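Subject: Structure handover

Hello,

Here is the structure for you to look through. My notes on what was found in it follow.

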Amino acid sequence: MDQANILDVPTVYPALLTKSKEIGFTMPSDQYIGTLLKTLVASKPSGNFLELGTGMGLSLAWMLKGMDSDSRVVSIDNNKELIDIAADFFSKEERLQLICADGEEWIMQNQEQRFDLIFADAWPGKYSQLEMTLEMLKVGGFYVIDDMMEQPNWPKGHSEHVATLVDDLEKRQNFTITKMDWSTGVIVAVKIK
């Protein structure tokens, strides 16, 4: 399946791609992870979702596409320029709360919140504050991460961080996980207790 065959693309997605190329944004999520997120959030009516790492809002567009009218998503990034771009693109979206903040601090300050799906697409919630992030997930909720296969933009030594993270997730007794050699390398974990 090539990306040209992906159906039901969010209306805003092509403009977001154009804008990401225009500003030289080099870390866009691909459409496959977007379609997966759309499907997973659709399984949680009236859901409460968290995205750590808004970036250009490409994955966010897919999440919003899959959400019902009673669902909500919080998306966090520490880059004000990117948050401002996303705010322009999603200015009429009432189900969305965009926050410009340090992800680690936000996680520590919001431990009482619970989510049906957490997409950790930034260092916080993935390589730091993992335990606290997983605590914020409801039982039956999805924890989704991508970029688990080596990427051209990885800094030297990053593969060790990935291996440590995968090993940690595999050992957890309160999660069941699926590792997918697909897209950029995806792990979907479900909290079972």
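Leaving aside residues up to four places away in sequence, Ser-128 touches Glu-104 and Trp-123 (contact means heavy atoms within 4.5 Å). The side chains of Ser-128 and Glu-104 are also joined by a polar contact of 2.7 Å. That term stands for a pair of N or O atoms within 3.5 Å; within protein, one must be able to donate a hydrogen and the other to accept it, and residues adjacent in sequence count only if both atoms are side-chain atoms. Ser-128 sits in the loop between β4 (115–120) and α6 (130–135). Helices (H or I, at least four residues) and strands (E, at least two) are DSSP runs, numbered from the N terminus. Ser-128 counts as buried because its relative accessibility is 12%; buried means under 20% relative accessible area, exposed over 50% and partly exposed in between, with a 1.4 Å probe and protein chains only.

Please keep in mind that this is a predicted model: local features need pLDDT of at least 70, side-chain atom pairs count only at pLDDT 80 or more, and totals for chains, interfaces and linings use all residues. Residues are numbered from 1 along each chain as its sequence is written, and side-chain values use heavy atoms, with hydrogens and water left out.

Next, helix α1. In α1 (residues 13–23), the buried residues are Tyr-13, Leu-16 and Ser-20. Seen down the axis of α1, they fall within an arc of 55°, so they line one face of the helix; the arc is that of the directions from the helix axis to the C-beta atoms. In general, an α-helix has 3.6 residues a turn, so residues three or four places apart point the same way. Thr-18, Lys-21 and Glu-22, on the other side of α1, are exposed. The cover over the buried residues of α1 includes α2 (31–42), α3 (58–66) and α4 (80–89). After α1 comes Gly-24, with a positive phi near 75°.

Last, Met-63, which is found in helix α3. Is Met-63 buried or exposed? Met-63 is buried, its relative accessible area being 0%. Not counting residues up to four places away in sequence, Met-63 touches Leu-37, Val-41, Phe-49, Leu-50, Glu-51, Val-73 and Leu-117. Met-63 and Phe-90 are 27 residues apart along the chain, and their C-alpha atoms are separated by 12 Å.

Regards
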